[in-house]
Amino acid sequence: MQGSTAAGRGFNQYTWFIHAVLLALLLLCAQAASTAHAQRLPDFLAGAPIGQIFPGADRADPPAGKPMAAKVYAGTRQLGVVYLTSDVVNTRGYSSKPIDVLVGLANDGRIVGARLVEHHEPIVLIGIPQSKVDHFISGYVGLNFVDSPPRHGAPPPVDIISGATVTLMVIGDSITRSAIAVARAYGIDKTAAPAQRAAPAATRVVDETRDAVQPWQALLDAGAVRNLRLSPEDVNRAFRESGRNDAAAASAEGSADADGFIDLYAALVSVPAIGRSLLGDTEWQRLKERLKPGQQAVLVAGNGAYSFKGSGYVRGGIFDRIEIIQDESSFRFRDRNHQRLADVAAQGAPAFREVALFVVPEDAALNPVAPWRLQLMVQRVLSVSDKAFVTFDLGYELPVAYTRPAAGAQATAAPPTEAAPAQAAMAEESAPALWKQIWRGKTGQVAVLTVALLVLVGIFFFQDQLTSRPLLHDRLRLAFLAFALFWIGWYGQAQLSIVNVLTFFSALRSDFRWEYFLMDPLVFILWCATAISMVFWNRGAFCGWLCPFGALQELTNRIARRLGVRQLKISHGVNQRLSTLKYVIFLLLFGFSLYDLALAEQLSEVEPFKTAIILRFMRYWPFVAFAVALLAAGLFVERFFCRYLCPLGAALAIPARLRIFNWLRRYRDCGNPCQRCNLECPVQAIDPTGEINPNECIQCLHCQMLYHHEQKCPHLIQKKAKRERRRAPAAEPAEQVIVMHRAPNPNNEPGA
């Protein structure tokens with residue numbers, strides 16, 4: 001026993017030395033100087049024929065300007081410009097390195113070419129074929145964000161590739177925003193026109209004093225109410241012109257009525273005269289009380305077979321068939337912005353099948369005196385996976401009769417050339433950052449994960465009450481592991497990886513920005529929770545409860561034991577030496593990341609997380625075979641990968657001994673002479689001396705269940721026997737002898 005104690009102390013000193021070296025390396029990396037990112041458009045243009053980026057072009061000027069772009073020509077005729085997205089907008093994903101896409105932008109604002117030329121995204125480096133990424137990017141070719149500004153937070157034009165959601169959202173967002181920025185900077189097509197038109201509009205405001213009620217026809221004649229009328233043939237023609245003859249031939253809503261597809265009307269009812277006329281005095285007063293300063297409201301009414309509401313708002317709370325677009329901003333209405341009306345109050349108004357009052361969302365803006373348009377989407381479902389759609393615009397501009405000159409307009413109005421850039425900048429700033437859009441879209445997932453983390457905190461804080469009930473502890477742990485695997489892993493795609501650690505320290509050495517790591521809400525929350533938990537429970541909170549692949553290993557091992565698979569027993573000395581392998585793997589990966597992050601990310605495939613969790617085993621067979629082999633080993637040795645090979649576990653174990661609290665309770669005779677916890681620990685994290693190794697402990701609380709178990713813990717069995725002997729009457733020595741014989745000897749206790 002003394003030899004084992006000495007060996008354990010020597011090993012602990014050895015691990016302390018490793019931790020000190022690793023911490024010194026990490027601190028040096030954190031203090032390394034950052035390197036500037038130079039504009040690299042000339043280098044990328046030199047490596048590819050210009051015709052491949054901009055079809056039809058035969059030459060290009062040297063890149064110049066701000067943002068940097070190269071004008072391209074066919075002979076002497078200029079066709080447009082070519083630029084690099086990372087020179088225009090911040091295009092960085094998981095790796096915190098630039099995602100470089102060459103984009104060709106024609107003079108009419110249309111994207112004519114796009115090519116991914118360099119990236120360091122781990123999810124795309126291995127496992128996602130380049131052809132799928134190229135297909136995603138090619139979906140932007142042909143789009144015109146000048147004519148049709150994007151809706152903030154709208155999904156990309158092609159399906160996201162499973163496992164690469166955040167990376168492709170960053171790429172799509174960078175193409176969209178850079179196209180708008182370059183078009184504005186270089187005066188392409190209409191980009192300067194809206195801003196210049198907005199300058200005179202800014203000199204007028206809505207006339208709040210004019211509120212006379214007008215009949216329906218007078219509102220139509222004045223342009224206060226605008227109309228869009230479509231027949232089935234109009235819609236079919238639009239589908240044919242878009243190249244979707246199959247959609248034009250398909251049966252559609254209202255096809256039996258030659259004239260009645262939809263008759264759509266829209267009006268800005270936050271303007272007093274229009275609102276009183278269309279809503280009536282009572283409804284107008286209610287609307288005035290509801291609207292906040294500067295907030296607008298729109299009335300939409302329609303007849304015909306096609307509903308402008310659709311059914312999307314019933315399922316998802318959003319009206320997906322109509323969209324309001326003004327300059328570069330756009331938004332859709334949600335169910336909380338909607339009020340159903342029975343009819344239109346204006347005298348002479350026809351009866352409508354649908355009448356809706358929409359209040360502009362608080363996170364959107366609509367300038368009442370500037371032109372805007374209501375875009376109607378018509379969709380036809382051809383099959384489960386094939387849908388076609390076209391859009392129609394109902395333009396709206398508030399008549400001058402409903403406005404008045406702004407106070408001091410002549411004195412404060414800036415020249416159009418100065419006002420345009422300022423207003424364009426304001427329009428750009430109104431767009432929420434991509435990470436905010438992602439967080440807003442995943443509010444439900446964030447809430448679920450937050451509740452799960454609170455449950456886990458409760459498990460740890462009340463671990464004595466829980467582990468004193470073995471069946472409840474086992475069932476609750478089983479349920480939480482299933483949640484970690486199926487929801488956090490396979491559904492939420494929130495498997496933490498050593499790649500996250502490497503990219504974090506790479507960002508510290510280069511250009512650290514929090515928005516890089518905020519792109520995936522679930523991953524960010526898990527990292528924050530893991531960092532905080534290490535102060536209390538070392539790496540066990542994540543490794544033992546929140547890691548999807550760890551949960552997969554433990555659940556499959558449970559099934560194997562139920563089926564009678566015999567478990568391999570590994571001696572303490574061999575287990576200690578094998579556990580150092582994960583530290584060696586981590587050190588190698590960390591060293592390679594200092595030299596070449598992309599190479600380190602490829603070598604990090606030693607983790608099967610991407611194969612088993614992110615891609616759900618839908619990958620090339622060598623990767624699948626490797627992941628299955630590790631799971632197979634885990635059938636005989638519980639959590640085989642976690643214990644011996646996981647570089648992420650090694651990285652999290654480095655600060656394990658810096659924890660402030662020790663929650664795991666022990667008896668004085670744990671380890672001397674009792675060995676039950678040592679022998680039953682699922683990951684052999686308890687030394688023969690009885691000391692728990694925080695580097696290896698996964699906080700499964702099995703030892704705490706034994707600590708409270710009066711039928712399994714030899715210490716408690718002995719105490720119980722002593723109590724019974726003291727309670728036994730002195731007059732019944734025979735009974736006392738029987739009790740003493742029944743009291744188990746700790747040295748002979750099975751597993752002790």
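**Entry 1: the sheet**

I started with E1 and E2, which run antiparallel and are joined by two bridges. Looking for the partner of Ala60, I found Val72 in E2. This is a predicted model, by the way, so every number below is computed from predicted coordinates.

Next I looked up E2 (residues 69–74) against E3 (residues 77–84): they pair in the antiparallel sense over six bridges. Ala69 sits opposite Tyr83 in E3, and Ala74 is opposite Arg77 in E3. The hairpin of E2 and E3 has two residues between the strands, and Gly75 takes a positive phi near 70° there.

Then I zoomed out. The pair belongs to an open sheet of five strands, ordered E1-E2-E3-E4-E5, with antiparallel pairing. Which strands stand at the edges? They are E1 (59–60) and E5 (111–118); each has a single partner strand, so one side of each has no neighbour in the sheet.

**Entry 2: whole-chain numbers**

The protein chain comes to 36 helices and 16 strands. Of its 752 residues, 51% are buried. I also checked contacts with a separation of 6 or more: 73% of them are between residues 24 or more positions apart.

**Entry 3: helix H13 and its surroundings**

I wanted to know how H13 sits in the fold. Glu283, Trp284 and Leu287 are its buried residues in my notes. Viewed down the axis of H13, the buried residues fall within an arc of 100°, so they line one face of the helix. The general rule I had in mind is that an α-helix has 3.6 residues a turn, so residues three or four places apart point the same way. On the other side of H13 I found Thr282, Arg286 and Glu289 exposed.

What do the buried residues of H13 pack against? I got helix H12 (272–279), E9, strand E12 (338–340) and strand E13 (354–359).

Is Gln295 buried or exposed? Its relative accessibility is 16%, and the cut-off for buried is under 20%, so Gln295 counts as buried. Leaving aside residues up to four places away in sequence, Gln295 touches Ser270, Arg290, Val359, Val360, Pro361 and Glu362.

**Entry 4: helix H18 and the cores**

I did a length check on H18 first. At 1.5 Å a residue, its 19 residues should span 27 Å, and the end C-alpha atoms are 27 Å apart, which agrees. The buried residues of H18 are Gln445, Val446, Leu449, Ala452, Leu453, Leu456, Ile459 and Phe460. They cover an arc of only 135° around the axis, which puts them on the same side of H18. Val451 and Leu454, on the other side of H18, are exposed.

Then I went to the nonpolar cores. The largest has 74 residues, and the ones with the most contacts inside it are Leu449, Ile488, Phe542, Leu546, Phe549, Phe586 and Leu648. H18 (residues 443–461) gives the most to this core, with seven residues. There is also a second, separate core of 63 residues, including Tyr306, Phe333, Ala356 and Leu357.

Phe486 and Ala551 are 65 residues apart in sequence, yet 9.4 Å apart in space, C-alpha to C-alpha.

**Entry 5: cysteines**

With a cut-off of 2.5 Å between cysteine sulfurs, I count zero disulfides.

Cys642 has 13% relative accessibility, so I log it as buried.

Cys700 is in no disulfide either; the nearest cysteine sulfur, that of Cys681, is 5.8 Å away. Cys700 comes out at 11% relative accessibility and counts as buried.

Definitions and conventions
Residues numbered from 1 in each chain as written. Predicted model: local features only at pLDDT ≥ 70, side-chain atom pairs only at ≥ 80, totals over all residues. Heavy atoms only, no water. Buried < 20%, exposed > 50% of the residue type's maximum accessible area, 1.4 Å probe, protein only. Contact = heavy atoms within 4.5 Å. Pairing = 2+ DSSP bridges. Helix = DSSP H or I, 4+ residues; strand = E, 2+ residues; numbered from the N terminus. Core = buried A, V, L, I, M, F, W, Y, C linked by side-chain atoms within 4.5 Å. Arc of directions from axis to C-beta. Expected span 1.5 Å × (residues − 1).
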